[in-house]
Amino acid sequence: MPTRKTIVLLLLAFFLFIFIPKGVLTPIASRSVANHLLEQFNAADAEVHMDSGWGWNLLFGRLPKVELEIEHGFIEGLPVRFISLVGYDVEFDPWELFINQNFAYKKSGSMQLEVHVEESGLNDYFWREVDPARNLTVVIGEDVLSLQGVVSVWNIPWKVMLEGVLDIRNQTALRFVPRNLVVEETRVPPLLLEIINEHYGLVVDFDSLPFPIVITDVQMEEGAIVVRIGVVE
């Protein structure tokens, strides 16, 4: 018959077998995913919260639930203030995660993201990609986005305010769609609006995210844009 010492050792081995994956693998996986996010999004900070059950799921590349928070990062050169993600039944490549600290996404039951872009970040992107001369400034208002400043049309400087909205383009990008142009406090013909829009068209694409996405909603509030994104399989 097994001695009391043997029984204690067997029980200890059993509990270690049960709890070590949760106490060891989960922190390692969380740290690896955080490091991957910091590098991919060139972010200042990243937090990862995993619901991995007993931890054995991680060895098979499965996560019942994961929550990510990224602060002060970049998506395709666009400065973003905050990114949050909630995913359920997420599958990934465990070898890539534990050996290379690379989160190689496979699929998920559901995944939702929310991206917060501040006015200052959108201006940085606009000046770099569209308007290096900084003739116009992006102003984000309640349900409206406007470009304001002075532009030269037909060699004449015009003080303009081009108002419009952000429209979802090809499911993964946001495009500024002008609705109204005011020049020197006076409404102008649509032709002038088209000319200015050709030179100052703004498109932001989120297709560089590491999974197939579709933008489901975009909301504008004073000084910020909130973009809601779903993941498609």
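Visitor: How many cavities of 30 Å³ or more are there, and what makes a space a cavity?
Guide: The count comes to 3 cavities of 30 Å³ or more, because each is a set of points on a 1 Å grid over the protein atoms alone where a 1.4 Å probe fits but cannot get out. This is a predicted model, in which local features need pLDDT of at least 70 and side-chain atom pairs count only at pLDDT 80 or more, while totals for chains, interfaces and linings use all residues. Residues are numbered from 1 along each chain as its sequence is written, and side-chain values use heavy atoms, leaving out hydrogens and water.

Visitor: What volume does the largest cavity have, and which residues line it?
Guide: Its volume is about 100 Å³, that is, the space filled by probe spheres set on the points, with grid points joined across faces, edges and corners. Lining residues have an atom within 4 Å of a point; here they are H36, L37, F41, L68, I70, I83, L85, F103, L113, L209, P210 and F211. Two or more of them come from each of α1 (4-40), β2 (62-75) and β3 (78-92), elements taken as DSSP runs (helices H or I, at least four residues; strands E, at least two) numbered from the N terminus.

Visitor: Are Y105 and F211 buried or exposed?
Guide: Both Y105 and F211 are buried, meaning under 20% relative accessible area with a 1.4 Å probe and protein chains only.

Technical notes: 1 Å grid on protein atoms, 1.4 Å probe; cavity = no way out; pocket = protein on both sides within 12 Å on 5 of 7 lines; lining within 4 Å. Buried < 20%, exposed > 50% of the residue type's maximum accessible area, 1.4 Å probe, protein only.
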